[in-house]
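Hi there,

Here is the structure I promised to pass on. Have a look at it first, and my notes follow below.

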Amino acid sequence: KMVSYAHANSDLFLQWHAEGLHKKNDSASASASPSDGEDSESDTEHPDQPGVTVQVRYPENLTLKDFTCFIAFPTLCYQLDFPRSSDCRYGWLAKRVMELVVVCGMMVFLTNRFLSPIIMQSAQPIENMEARK
């Protein structure tokens, strides 16, 4: 994941530098820099239309929030904007939770059924061994 993040941002930087966008952003950021010093958010809402997100461009994606979202998302390839739904899909979430419960239950069952007897059988010979001095 980290290699993907580094390569994607490296390519974005080269593209940004080749297009000369850094000159435009430097002059724009100097005139419109936030006074409180906070980092700009990865998914900023449009000021006139709540709920509508603005697409993120290269320099604005280098924030801690963007990085932690990438680490949390189940993907290996970094991209500027990840597809998201506006609401929670409770049916999908319930299905995944049930899958997790079933798989964990199977692991416990298989461990108790097959591994525990082997470990118990090997523990007795180890207890009977004499410690050599």
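Confidence in this predicted model is lowest in helix H2 (residues 21-31), with a mean pLDDT of 54, and highest in helix H4 (residues 90-128), with a mean of 90. Over residues 30-43 the pLDDT falls below 50, and beyond near neighbours in sequence this stretch has twelve contacts in the model. Where pLDDT is low, the predicted coordinates should not be read in detail. For the protein chain, the mean pLDDT is 74, and 71% of the residues reach 70 or more.

Now to helix H1. It covers residues 2-19, and its 18 residues should span 26 Å at 1.5 Å a residue; the end C-alpha atoms are 26 Å apart, so the two values agree. Which residues of H1 are buried? They are Ser4, Tyr5, Ala8, Asn9, Leu12 and Trp16. These residues lie on the same side of H1, because they cover an arc of only 115° around the axis. An α-helix has 3.6 residues a turn, so residues three or four places apart point the same way. On the face of H1 turned away from the buried side you will find the exposed residues Val3, His7, Asp11, Leu14 and Ala18. After H1 comes Gly20, which has a positive phi, near 75°.

Searching the whole structure turns up zero disulfides. Cys88 counts as partly exposed because its relative accessibility is 42%, and Cys104 is also partly exposed, with a relative accessible area of 38%.

How values were computed
Residues are numbered from 1 along each chain as its sequence is written. This is a predicted model: local features need pLDDT of at least 70, side-chain atom pairs count only at pLDDT 80 or more; totals for chains, interfaces and linings use all residues. Side-chain values use heavy atoms; hydrogens and water are left out. Helices (H or I, at least four residues) and strands (E, at least two) are DSSP runs, numbered from the N terminus. The expected span of a helix is 1.5 Å times one less than its number of residues. Buried means under 20% relative accessible area, exposed over 50%, partly exposed in between (1.4 Å probe, protein chains only). The arc is that of the directions from the helix axis to the C-beta atoms. A disulfide is a pair of cysteine sulfur atoms within 2.5 Å. pLDDT is the predictor's confidence in each residue, from 0 to 100. Contact means heavy atoms within 4.5 Å.
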